[in-house]
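Dear colleague,

Please find below the structure that I am handing over to you. My notes on it follow directly after.

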Amino acid sequence: RFKETVDINPIDGAEFKTYKYNLAPFYPVLVIVDESHKIKKPNAKTSKLVGALFGGTATRVLYMSATSAVTPNDLHTFAITSRKSWGSTPITKHNWKEVAWTIGRSDPKKPNGAAMERFADFFGDSIVKPPADRRTVKCYNSVKLIPFESEKDKQQYDYAEQAYLEACERLGKIVNEKMNLLAIFTVFRAAEERIKAPYFAKLAIEAWKRGKAPIMAVQYVETVKRIFECITREINPNTGQNFTRADISVIWGGSKIITEDQCYTMGQWTSLTNRISQSEEGINCLSRTEAAKYRRTTVYLTDRWKTNGETPEEQAARVAWLKTMKLDAQNEREQQEEVDRFQRGDTTFCIFTLAAGGTAIDLDQQQLHIRPREMFATICYYLEEFVQAYGRDYRVSTVSDVYNYAVFFEDTIVANHVAPKLAKKLSSINSFSGTGVNLEEDLVNAVVAGKVKRKLDEEDTKAIATVSEQEDFTEEDEDSEDDDDNDKE
């Protein structure tokens, strides 16, 4: 129903890609935009597609989201479709920047509570915030510091941490290196999560023995695989056999399993790599079939190299195991089947990635005969991650108290600097959104300025020891803010 086209900015004459509604001028009378926080970026494809529906003067739009608008720019699409004038001038995508600065009296890209109040006053009754639904069931969030259980784990972590700290000190003051620094942080974070996977599995099994239904929330698909492997090595005392795939719900985007017979040999791949590097056309010098197989082989070989020198035979055995365990890429229907198994009590454990688990998925205890939930989460550095992780097991229909833990390795830079800050925010999503917390950026800035904490003080220790009671929030939470899938390393 949409076609891609090129439009002209009337202010500066610049061309930009946009979309037109093919059924124009027969625009819909009512457009309901659920999870509307996902269209807060004006240049995102989703925002442009939704915007193409708003061409008719009779069209009315209802935006719904429980993810707080943090910056004036989060209201961009809403403001344009509100048809409210700024003085005598309609608000459009072309004058939005000027409008936002004038109304908010601050940078529209930055969180500012006073600016958001001024926007609420400007739009009046067009913005509705339902009252909180107070409940007797409580959700308790806290930070959990765990020790390294082997010198090998400690050495691997120290190596990854030191590489990250050196990169921060080297690149942190260079504005143009921000994306490279983020990429390095992602590598460090993925390494930290991979080391922590067996610890997640151990915590989950201990929680299960206490009568809980354990949930693990992580960022990366590789972490899911490793946690799964660790759990299935353990014996279920009820059966005397190892835990199996039938005991574990896995909710993720996953990655398509590639087998050796779908790939080129190493010699063939090397030959094609040389051919591509010597051609001015790059990979386009290959046919479509060759290019697809070449990319598939590259992914397969990279997967082996990431596992620290795995032999071809070991990789083939691991891939066969993944197939047997049904750890292939999932579509939405398959994800829902995994959710339903956990909700019915058919599975003992649940592992989900933040990206896959972040779109209004219910993982809470909704019936008294089902076990209560206890969650162990990866470190959440951003607002979206916090809501994705902590909004799954505490819902309107939850029937008993919930306990959630943010898991850190003790005596590390991240535990000493990030854990106290996160602990003070764990009681409220609004605490995150109202202040625009970005703990990754805070860590980088502290390292660059030489102010990173390397030891917990008395106040920090007290904050970490605190169990916070989470404020109630509405059911319809969110996933990440754009079309991108965060479930990638």
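The paragraphs below set out what was found.

This is a predicted model, in which local features need pLDDT of at least 70, side-chain atom pairs count only at pLDDT 80 or more, and totals for chains, interfaces and linings use all residues. Residues are numbered from 1 along each chain as its sequence is written, and side-chain values use heavy atoms, with hydrogens and water left out.

On the surface, a nonpolar patch is formed by Val29, Leu30, Ile32, Leu62 and Met64, which together have about 470 Å² of accessible area. Strands β3 (30–34) and β4 (60–64) are the elements that give two or more residues to this patch. Areas come from the Shrake-Rupley method with a 1.4 Å probe. Strands are DSSP runs of E of at least two residues, and helices are runs of H or I of at least four. Ile32, in strand β3, counts as exposed because its relative accessibility is 51%, the cut-off for exposed being over 50%.

Most residues other than glycine have a negative phi. Arg105, however, has a positive phi near 55°. Arg105 is placed in the loop between α3 (96–104) and α4 (113–123) and is exposed, at 61% relative accessibility. Asp411 also has a positive phi, of about 60°. Asp411 lies in the loop between β14 (402–409) and α13 (413–425), and its relative accessibility of 61% makes Asp411 exposed.

Yours sincerely

Notes:
Patch = residues over 30% accessible without salt bridge, like charges linked within 9 Å, V, L, I, M, F, W, Y side chains within 5 Å. Salt bridge = Lys/Arg side-chain N within 4 Å of Asp/Glu carboxyl O. Buried < 20%, exposed > 50% of the residue type's maximum accessible area, 1.4 Å probe, protein only.
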